[in-house]
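Please look over the sequence and the structure shown here before reading the briefing that follows.

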Protein chains: 2
Amino acid sequence: MAPDEQAAPDVEDRLALFTDLYELSMLQAYFEEGLHDSAVFTLFVRRVPERRNYLLACGLDTVLEQLEGLRFSRADLDYLAGLDRFSDCFLQWLESFRFTGEVRAVQEGTPVFANEPILEVRAPLPEAQLVETLIMNQIHLQTVQATKAARLVTAAQGRDVVDFGARRMHGLDAAVKGARAFHVAGVASTSNVLAGKRYGIPVSGTMAHSYIQAHDDEAAAFAAFAGLYPETVLLVDTYDTLAGVRQVIDLARRLGDRFRVRAIRLDSGDLGQLARDARAMLDAAGLERVGIFASGGLDEHVVAGLLAAGAPIDAFGVGTSMGISTDVPDLDIAYKLAEYAGEGRLKLSSGKPILPGGKQIFRRRDGAHFSGDTIAREDESLPGEPLLQPVMREGRRLSGHVRDLAALREHARQQLQSLPPEIRGIEPAAGPYPVAVSDALQSHQAAVTRAIRARHAE
Amino acid sequence: MAPDEQAAPDVEDRLALFTDLYELSMLQAYFEEGLHDSAVFTLFVRRVPERRNYLLACGLDTVLEQLEGLRFSRADLDYLAGLDRFSDCFLQWLESFRFTGEVRAVQEGTPVFANEPILEVRAPLPEAQLVETLIMNQIHLQTVQATKAARLVTAAQGRDVVDFGARRMHGLDAAVKGARAFHVAGVASTSNVLAGKRYGIPVSGTMAHSYIQAHDDEAAAFAAFAGLYPETVLLVDTYDTLAGVRQVIDLARRLGDRFRVRAIRLDSGDLGQLARDARAMLDAAGLERVGIFASGGLDEHVVAGLLAAGAPIDAFGVGTSMGISTDVPDLDIAYKLAEYAGEGRLKLSSGKPILPGGKQIFRRRDGAHFSGDTIAREDESLPGEPLLQPVMREGRRLSGHVRDLAALREHARQQLQSLPPEIRGIEPAAGPYPVAVSDALQSHQAAVTRAIRARHAE
């Protein structure tokens with residue numbers, strides 16, 4: 001349970017209108033036509049982008065929390081009435097709208113691949129339809145974020161990665177949910193205080209240039225900050241980086257045993273060269289225990305390059321590139337009707353195939369590593385671990401569903417370690433991770449296609 | 001005033017913790033050291049990305065609303081106390097923390113360029129420092145979004161652009177604020193119902209593939225939807241696009257005078273060719289008045305290409321590329337201390353110059369178009385229109401500040417029309433829009449630099 005659920009920085013309790021207008025238009029049509037049989041919708045990503053070898057599923061907990069609380073407020077209904085599009089009968093029906101369906105999903109922190117169902121909703125058609133926009137928005141965001149963060153963590157080879165992204169991430173919700181997604185993916189801490197409060201994530205931070213600038217000189221600023229926070233990290237690049245390092249060494253001489261500064265931070269310039277120079281200066285001054293923290297324009301390739309070149313950097317603060325996942329800020333995620341009233345459903349014309357019906361993923365292992373997946377029909381039993389598990393029934397979360405952040409983080413760590421090393425790496429793998437579609441599911445897809453073609457040829 | 005302020009989908013009333021931990025660490029240091037003189041911070045973007053010729057400033061209203069309501073709740077203070085980092089005295093001081101400063105800013109919907117101040121805060125140092133993360137996050141997001149949307153609107157040459165982005169935008173806040181930013185930039189309407197309710201933006205939408213799939217066949221789905229919404233837009237690409245167009249024509253024959261369908265929607269395939277084929281079929285059936293609405297993978301270059309090739313498309317639904325601004329999802333935005341206690345301040349080491357002190361932008365016109373800007377000291381008076389205007393004093397919004405969305409949209413339209421045509425265009429301009437720094441500001445920068453160097457050489 002999140003430690004501070006009430007102060008959620010968004011609208012968990014009034015998100016029924018976080019939907020596209022067409023969902024409500026279709027809901028009214030379903031209502032008028034009496035289409036309220038059970039539907040299965042599948043959430044999946046159509047392809048893994050070239051610059052990713054896997055996706056790390058994230059965001060399920062948010063979605064379930066929002067589904068549980070979904071309802072239309074009086075103000076929502078008044079607004080809808082004012083659109084002159086919805087009948088009084090339909091709006092009355094919306095007033096008692098609740099999500100009463102079932103959700104099966106892969107656990108957060110699990111790697112997934114193209115066309116694999118991340119989540120399946122089974123509910124009366126209108127309920128499963130309305131929540132499309134919300135489910136896509138939340139899982140898309142957090143999966144983009146967790147995937148990028150896992151790459152940074154891999155590149156840092158055991159060194160801490162810290163989230164500095166809040167100031168340039170896309171809005172409040174992205175920054176707060178992002179801090180959680182990053183932490184699941186292995187990021188050590190966040191600078192985002194609201195996320196720390198909400199999710200119990202460790203918060204950390206150093207000092208800004210403005211603090212140094214507000215003092216008459218750098219030495220005075222360092223002395224004052226270290227006086228208040230003895231184990232702090234001092235930012236040395238405001239005026240001249242290596243002169244800043246000398247100020248830190250001078251401070252150490254003045255303070256003697258009272259000097260407990262943990263690290264210096266480099267935030268501009270040639271980070272590799274500056275880290276080597278600063279390390280040499282600190283070591284020569286007997287300050288081997290003072291670490292070097294690097295930030296400023298970092299992404300997984302820069303981090304890997306710095307470490308490959310032997311830069312003596314102990315931790316990385318990463319902002320925009322991780323926060324926005326700037327190289328891959330979006331995924332081709334889809335939420336598609338796969339079954340209605342017991343019949344498989346799909347689209348035909350777009351070159352974007354849908355796998356009909358409820359589904360399961362079976363993931364096989366070969367020793368320490370995953371060796372391949374099969375996407376199957378829901379009721380099949382194939383070799384490997386079934387990844388989709390029931391997490392919500394009759395609109396209520398099931399107690400077995402893992403929500404504890406530390407447990408999710410450990411799950412993600414084990415999952416990432418189990419990926420074939422080339423797939424886990426940050427460079428493009430020579431080939432994709434093997435994902436097959438079971439014979440039964442292929443036959444079902446072919447049969448549904450034939451049935452649709454036959455009906456339209458009549 | 002937004003029509004439904006109470007149902008804001010974020011946390012306008014409890015955002016004091018939407019900050020980086022280091023801001024609070026510095027605040028405590030300022031508190032201990034008695035550094036509470038007046039500071040000037042400047043928000044600006046360091047460079048206009050290669051794929052943009054200008055930036056359209058947006059997000060001011062959100063920021064002012066949040067600054068007015070900023071305070072620490074009891075739960076916030078309890079959380080901070082639990083971090084074992086802040087003294088009781090400091091937490092008591094935070095309890096009565098309010099933003100009491102002054103804000104000067106360019107109006108939303110105004111084009112801005114590299115290094116131009118979008119907003120300046122003048123406030124006691126701790127107040128101006130705390131709000132860094134929040135101000136950057138909100139103006140960055142909405143400026144990224146408005147800039148991208150303006151490009152789509154330009155490319156569409158007067159045809160409607162509709163926001164379909166909510167499902168893949170980065171979270172709830174990005175989707176709701178984005179709909180507003182898009183509308184300011186000239187987008188006609190949004191599919192996002194919550195944004196429609198909150199900001200009074202027109203909402204629109206058609207139907208999804210799932211609606212078609214849930215029916216036994218496409219003809220039945222079209223007939224049912226058009227029965228309920230006679231002036232709707234029918235989605236024709238679920239199974240076979242041109243067969244779908246024939247179903248629409250059949251429906252028109254069956255309904256006769258009762259057929260009032262406004263348009264068909266194409267969402268996949270070769271949109272240009274399909275639009276031409278569909279147009280020919282509709283015209284041959286006497287359905288010249290049925291429009292063609294295109295969506296699916298559109299960005300400004302695709303839109304411009306379709307129209308240049310003569311594709312008979314009447315309106316565009318744009319999702320992910322506009323919602324995330326996928327080609328330029330972030331800007332190098334900064335919020336930097338420029339003055340403290342009456343003295344200009346800057347950084348020296350990073351190759352990222354700061355213009356010290358309070359500033360003004362003077363924008364000149366030559367006939368119908370802007371001809372160049374000068375960034376000047378705040379008290380200078382130079383030719384051209386001064387773009388920064390007071391919008392908040394003593395922590396309260398000034399009544400003259402434009403908040404009405406229609407007025408901002410009209411302002412943006414006029415501003416965009418006044419850009420030199422090459423700068424307004426979607427292709428990279430041969431050279432940048434001319435921006436100079438006034439002699440007085442250059443002299444001040446040189447003097448501040450000398451003073452800092454002198455202090456550090458002592």
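**Chain A as a whole**

Among the contacts in chain A between residues at least 6 apart in sequence, 72% join residues at least 24 apart, where two residues are in contact if their C-beta atoms, placed from the backbone, lie within 7 Å. This is a predicted model, in which local features need pLDDT of at least 70 and side-chain atom pairs count only at pLDDT 80 or more, while totals for chains, interfaces and linings use all residues. Residues are numbered from 1 along each chain as its sequence is written, and chains are lettered from A and ligands numbered from 1 in the order in which they are written.

- Chain A has 17 helices and 19 strands, which are DSSP runs numbered from the N terminus (helices: H or I, at least four residues; strands: E, at least two).
- Taken along the principal axes, the box filled by the C-alpha atoms of chain A is roughly 90 × 55 × 35 Å.

**A sheet in chain B**

- In chain B, four strands form an open sheet of mixed pairing, in the order β16-β14-β15-β19; two strands pair if DSSP finds at least two bridges between them.
- The edge strands of chain B, β16 (385-386) and β19 (435-437), each pair on one side only.
- Strand β14 (residues 359-366) of chain B runs antiparallel to β16(B) and is joined to it by two bridges, and B:F362 stands opposite B:P386 in β16(B).

**Where the chains touch**

- The contact takes 91 residues from chain B and 90 residues from chain A.
- On the side of chain B that touches chain A, helix α1 (residues 21-33) of chain B gives the most, with nine residues.
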